[in-house]
Amino acid sequence: MFYRCKILNVNFPSSMSLGTFVKHLPFSKPKTSLPPQRLNFKSLTTTTTCVTRSSSYFETLNSRQKDQIHLYVDALLQWNQKMNLTAVNEVNEVMERHIEDSLAIIPPIQNSYISSCNNSFDNLRIVDVGSGAGLPGLVLAVACPGWEVTLVESMNKRCLFLEHAVNLIGLSNVQVVRERAEKLGQDSNFRERFDVAVARAVAEMKVLAEYCLPLVRVGGLFVAAKGHNPQDEVKSAERATKLMGASVLQLCSVESHSPHGQRTAIICLKNRPTPRKYPRDPGGS
């Protein structure tokens with residue numbers, strides 16, 4: 001199935017809900033509604049199953065959200081001088097390569113969640129695995145204040161930055177958890193508790209499947225932000241994804257300021273519970 005849309009540069013009042021916000025995004029859906037289908041890897045080409053275009057997602061935010069993003073970017077660059085948070089060290093580059101890329105996965109999440117999970121997307125429980133500097137999770141929390149976002153990061157220094165950024169921005173819908181995803185997935189307080197798991201630039205897809213899918217409830221989504229041509233990686237991860245109880249729902253191509261001008265959101269639907277043995281301890285079989 002193909003979805004094509006163009007996001008216009010518009011400002012919305014701070015009182016507007018996420019649902020109303022997304023309704024203003026002019027998505028163009030197919031005239032006929034088809035049920036999600038399993039991808040045929042033999043037919044996968046550089047054309048992906050959905051395309052999202054935007055001149056600037058940042059410009060769709062309201063003034064308070066824009067101010068919060070600017071505070072975050074300033075803090076990121078300040079802390080980046082004393083620790084390795086990002087290879088990008090200019091404000092414009094951070095806005096283009098990190099902020100816009102993070103915001104770009106909201107429409108794919110919205111499209112897939114409504115069509116496949118049959119639930120409202122206004123109050124999602126999101127987990128960002130390997131959050132690092134808070135990308136994309138912290139940015140999603142700013143753009144979607146109704147979402148409850150958990151940032152999972154194993155490095156203490158990065159967690160200190162994330163806690164600082166959350167307090168500085170004034171976010172009440174974010175919690176920072178210092179832990180490895182392999183251990184968190186075996187914790188009953190987190191296992192299969194989230195509607196959507198997201199990961200950006202963390203590991204290969206087959207590894208991410210084992211890190212992220214145990215955290216997703218049955219009927220929820222796992223969204224991996226990948227490069228411009230991830231078909232081979234998706235194919236190699238098919239077995240691991242299936243083992244975790246999920247299947248690839250669609251690949252959504254989004255415009256990006258990355259070197260190739262395009263990134264891909266790989267969206268997986270969790271169909272059944274993850275076997276108890278997963279995720280395995282580091283070094284486990």
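Good morning. The structure I shall discuss is a predicted model. I shall begin with the whole chain and then turn to its parts.

The chain contains 10 helices and 10 strands. It has 285 residues, of which 55% count as buried. One further number describes how the chain folds back upon itself. Among contacts in the chain with a separation of 6 or more, 73% are between residues 24 or more positions apart.

Let us turn to the strands, starting with β10. Strand β10 covers residues 262-270, and eight of its nine residues are buried. Which strands pair with β10? One partner is β8, residues 216-226, which runs antiparallel to β10 and is joined to it by six bridges. Within that pairing, F222 stands opposite C268 of β10. Another partner is β9, residues 246-255, also antiparallel to β10, with nine bridges between them. Here V254 is the residue opposite R263 of β10. As a general point for those new to the subject, side chains in a regular strand alternate between the two faces of the sheet.

A parallel pairing is found elsewhere. Strand β4 pairs with β5, residues 148-153, in the parallel sense over five bridges. In this pair, D128 stands opposite L151 of β5. Strand β4 is mostly covered as well, with four of its five residues buried.

I now come to the helices, and to α4 in particular. Helix α4 comprises residues 106-117, and at 1.5 Å a residue its 12 residues should span 16 Å; the C-alpha atoms at its ends are 15 Å apart, so the two values agree. Is α4 enclosed or exposed? Because 10 of its 12 residues are buried, α4 is largely enclosed by the rest of the structure. The buried residues are I106, P107, P108, I109, Q110, N111, S112, Y113, S116 and C117. After α4 comes N118, whose phi is positive, near 55 degrees.

Helix α2, residues 63-79, and helix α6, residues 156-169, pack at an angle of about 150 degrees, and their axes are 10 Å apart. Their crossing is right-handed. On the α2 side, the contact is made by R64, Q68, L71, Y72, A75, L76 and W79. On the α6 side, it is made by L160, F161, H164, A165, L168 and I169. Sorted by class, this contact has 10 nonpolar, two polar and one charged residues.

Let us look at one residue of α8, namely L208. Why does L208 count as buried? Its relative accessibility is 1%, and the cut-off for buried is under 20%. Apart from its neighbours within four places in sequence, L208 is in contact with A199, V202, A203, L213, F222, A224 and K226. One of these, F222, is the residue already mentioned opposite C268 in β10. As for V198, this residue is 10 residues from L208 in sequence, and their C-alpha atoms are 9.5 Å apart in space.

Finally, I turn to some details of the backbone. Most residues other than glycine have a negative phi, and most peptide bonds are trans. Where does this model depart from that pattern? The peptide bond from L135 to P136 is cis, with omega near 10 degrees, and P136 is placed in the loop between β4 and α5. A cis bond also joins Y278 and P279, with omega about 0 degrees; P279 lies in the segment after β10. E192 has a positive phi, near 55 degrees, although E192 is not a glycine. This residue is in the loop between α7 and β7. Because its relative accessibility is 24%, E192 counts as partly exposed.

That concludes my presentation. Thank you for your attention.

How values were computed:
Residues numbered from 1 in each chain as written. Predicted model: local features only at pLDDT ≥ 70, side-chain atom pairs only at ≥ 80, totals over all residues. Heavy atoms only, no water. Buried < 20%, exposed > 50% of the residue type's maximum accessible area, 1.4 Å probe, protein only. Helix = DSSP H or I, 4+ residues; strand = E, 2+ residues; numbered from the N terminus. Pairing = 2+ DSSP bridges. Axes fitted to C-alpha atoms, helices over the stretch in contact; angles between N-to-C directions. Left-handed = near helix turned anticlockwise from the far one by under 90°. Contact = heavy atoms within 4.5 Å. Nonpolar A, V, L, I, M, F, W, Y, C, P; charged D, E, K, R; others polar. Expected span 1.5 Å × (residues − 1).
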